[in-house]
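Visitor: I am new to this structure and would like to learn how to read its features. May we go through them step by step?

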Amino acid sequence: SGKLWGGRFVGSVDPIMEKFNASIAYDQRMWEADIQGSKAYSKGLEKAGLLTKAELGEILCGLDKVAEEWANGTFVQNPSDEDIHTANERRLKELIGETAGKLHTGRSRNDQVVTDLRLWMRGSCSALSAHLRTLLTTMVERAEAEKDVLFPGYTHLQRAQPIRWSHWILSGAIAGNPLGVDRELLRKELNFSAITLNSMDATSERDFVAEFLFWGSLCMTHLSKMAEDLIIYGTKEFSFVQLSDAYSTGSSLMPQKKNPDSLELIRSKVGRVFGRCAGLLMTLKGLPSTYNKDLQEDKEAVFEVFDTMNSVLQVATGIISTMKINKACMEEALSPDMLATDLAYYLVRKGMPFRRAHEASGKAVFMAETKKLALSQLSLTELQTISPLFTSDVSQVWNYANSVEQYQALGGTAQSSVDWQIQQLRGMLRTLPQ
Amino acid sequence: MASESGKLWGGRFVGSVDPIMEKFNASIAYDQRMWEADIQGSKAYSKGLEKAGLLTKAELGEILCGLDKVAEEWANGTFVQNPSDEDIHTANERRLKELIGETAGKLHTGRSRNDQVVTDLRLWMRGSCSALSAHLRTLLTTMVERAEAEKDVLFPGYTHLQRAQPIRWSHWILSHAVALSRDLERLLEVRKRIDVLPLGSGAIAGNPLGVDRELLRKELNFSAITLNSMDATSERDFVAEFLFWGSLCMTHLSKMAEDLIIYGTKEFSFVQLSDAYSTGSSLMPQKKNPDSLELIRSKVGRVFGRCAGLLMTLKGLPSTYNKDLQEDKEAVFEVFDTMNSVLQVATGIISTMKINKACMEEALSPDMLATDLAYYLVRKGMPFRRAHEASGKAVFMAETKKLALSQLSLTELQTISPLFTSDVSQVWNYANSVEQYQALGGTAQSSVDWQIQQLRGMLRTLPQ
């Protein structure tokens, strides 16, 4: 049965299997972490008397040269370099000779690879957190600058109550808050002042990878929500926002089109990120303990999610920063019927139980619809047929600015509360570690 | 506002363009893989335009010639990309214009990238399904031939990873082949639904210029045309089906891999992988690890991840084309590449794997014939429930006396049931045991032969 495919064999080796097995195509991305890890390990070997000071010096020097080659793009790969660890050691040997063969004493690729991955991820978490800070800062500053703009808040995509535009922005910014907790947990795990307790667990657990992938999935879910909102707000019918040309795309067929592609892509990519999370958990399921080759599937998942988050966070910052709002359209969308709850609260403040006030307000809405009037156009006399509690001061209700200012309890859409949210977020950005 | 916060990242802007956004938006990095399909689609479309009177015969000739040159450049690796080439469609049209001038600008008349891209993707996937089905056939053929050759080898069948009943080794091979044969059928079914032409749907509303979709269908050898332009430019069912097909096929392969990894342990020693499919350890000199199998087992994760991810991306999209759909291609390419290598590596593994007949037969133990002992009594008229009990008693008796089940004397057996006579000795024979299972689908030789026949027949009759 060798005849079936024997043709592709090169000697005793199946080139398809070689490629299948090798990870150098993607794990070379960790060249720097691998060299850092090896330098540290060789210092450990010297202290344990397994390397002389001279040998240590040769190895460190050699590793620095290898690093230079990677940094300059002059590192030449060898077909036998199946992964970054093999490649670096092979090159070190070419540079310094037999001493290179002492480097791997007592070490296995099992602990070497996961050390490299943790080093790489520690750095990449810092990069991502910087982008996320920038996005949050952009959103907070926009929220501060546009505090006076009011527009409809929606539930079920139906106009619900007037809110401040800044309140909407901050709702997205605050979804980023729990991130601080996750980052802290990840950072604790990646803090090399702590050591793993058990070698069997240490060489095989990929909890930190799974958590990173889940973090990405949840963060992308938040960004997809914001994207969906803005796509709808950017329709001709809403016309609340307009994306800068830099974040829009035309149509090769329809000349009038200005499409929010940037937002659509952000919305779409939660799929691939969550796919990596679901996929890795599936790969981990049912593995017997300690190292199994299946674990090699971790890296491409991490790299893909990092690359996705890296671009998405930066594009999102660009979108928010350059987006124009149409204050007039937003305020035109406010309609008196959105103050029906306020009408109920008016009665509540005059002593009526809320349930009855809700009913009374509902009657007013019905009355206005029947008479084909706006809610605010009902006369005092007409209102008084619903409840004698209505007096001339009911005119205060038909004022959107008054409406939003009611919501003073912390977390609400009143100016003082929006200021408080901004304060909180700025405080968090200041105090969270970089 | 914009200029204030422009300071935050304005530095990276080049004129009015954000280079990060450009890269984010572009798909050329991966969709160039469909260069050939894109050119085929354009050639067919230009013939449609000529028939509709929108191109003269001369213009058609120029366009076809030009497209052939573009194809040559791609094939030879000499196609030079331009920074403005955001996708393969833009790239090909841009190059065509450089080669033949303004006539190139007529090619896209009435067409949209919305129907162009999904035509390209269907063409590409139709071809790739054929490539994968060829590999799957080869794997199936390898497994069937191995099953034929090693029909006489017996070993333990396991349930809950505990020794259950003796089976033929070939029966194990065929259990996996049968699952993979369903994967082959499924792949061909998916290919059928891929094989439908969407071109002529425009961006959303259809084609307003009299292009003959039947002509396009024939040119591109599609079996049918799509019914509704809004659905045609946005549905990605065929992608989701392909990704699911991959997920299920990989689940089957992961099961086979798991079995072989366990059978390859020192403790089992049933199989040994060829060196070509094993790997050593950089630390432990004795190690010979079944990395090929572990990788096959592992990759169901990324394949299913693509399936789950794409369904998530599709969820809640409003109808017709949305940019989110661009996420389909990398999912398809990754799953294709994974299946392409996995199927070939699996074939190599099965083909070169050695079995250790002696170890396999040594693992057969008399207690695995306890069911046979019960059947012996059943054949003598005892109700199965009671026979099961009686056999259980014999197992217990043997364990208590620290004897193998087959070492119990006739006298000892007769204390359990007078139905035992000297012919009970026939039971302690593994070859007899497997030969009982004659009902089609069982592990008897005739049934194994029948399975092999069925699979060969299926491989003969299924379309390529």
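Guide: Let us begin with a term. A salt bridge is a side-chain nitrogen of Lys or Arg within 4 Å of a carboxyl oxygen of Asp or Glu. The model before you is predicted, and it holds 70 salt bridges over all chains.

Visitor: How far apart are the closest N and O atoms of A:Arg276 and B:Glu334?

Guide: They are 3.5 Å apart, and the two residues form a salt bridge. This pair crosses between chains: A:Arg276 belongs to helix α12 (residues 270–284) of chain A, and B:Glu334 to helix α14 (residues 328–352) of chain B.

Visitor: Why does A:Arg276 count as buried?

Guide: Buried means under 20% relative accessible area. A:Arg276 is buried because its relative accessible area is 11%.

Visitor: Where do A:Glu297 and B:Arg302 lie?

Guide: A:Glu297 is in the loop between α12 and α13 (298–322) of chain A, while B:Arg302 is in helix α13 (residues 300–314) of chain B, so that the pair crosses between chains. Their side chains meet in a salt bridge of 2.7 Å, N to O. Both A:Glu297 and B:Arg302 are buried.

Visitor: How many salt bridges are there between chain B and chain A?

Guide: The count is twelve. One further pair to inspect is A:Asp294 with B:Arg297, a salt bridge whose closest N and O atoms are 2.7 Å apart. Between the two chains there are also 17 residue pairs in polar contact. On the side of chain B that touches chain A, at least two residues each are supplied by α1 (2–9), α2 (19–25), α7, α12 (291–298), α13 and α14 of chain B.

Visitor: What area is buried between chain B and chain A?

Guide: The area is about 5500 Å², and carbon and sulfur atoms give 60% of it. In terms of contacts, 61 residues of chain B meet 64 residues of chain A.

Visitor: How is chain A divided into domains?

Guide: Chain A has domain 1 (15–107), domain 2 (110–332) and domain 3 (336–431). The C-alpha centres of domain 1 and domain 3 of chain A lie 70 Å apart.

Visitor: Where does A:Ser335 lie, and is this residue buried or exposed?

Guide: A:Ser335 lies in the loop between α14 (327–332) and α15 (340–349) of chain A. This serine counts as buried because its relative accessibility is 15%. The side chain of A:Ser335 makes a polar contact of 2.7 Å with the side chain of A:Asp337. Not counting residues up to four places away in sequence, A:Ser335 touches A:Arg159 and A:Tyr400.

Definitions and conventions
Residues numbered from 1 in each chain as written. Chains lettered and ligands numbered in written order. Predicted model: local features only at pLDDT ≥ 70, side-chain atom pairs only at ≥ 80, totals over all residues. Heavy atoms only, no water. Domains from an automatic or database assignment. Helix = DSSP H or I, 4+ residues; strand = E, 2+ residues; numbered from the N terminus. Buried < 20%, exposed > 50% of the residue type's maximum accessible area, 1.4 Å probe, protein only. Polar contact = N/O pair within 3.5 Å; in protein donor to acceptor, adjacent residues only side chain to side chain. Contact = heavy atoms within 4.5 Å. Buried area = accessible area lost by both parts, 1.4 Å probe.
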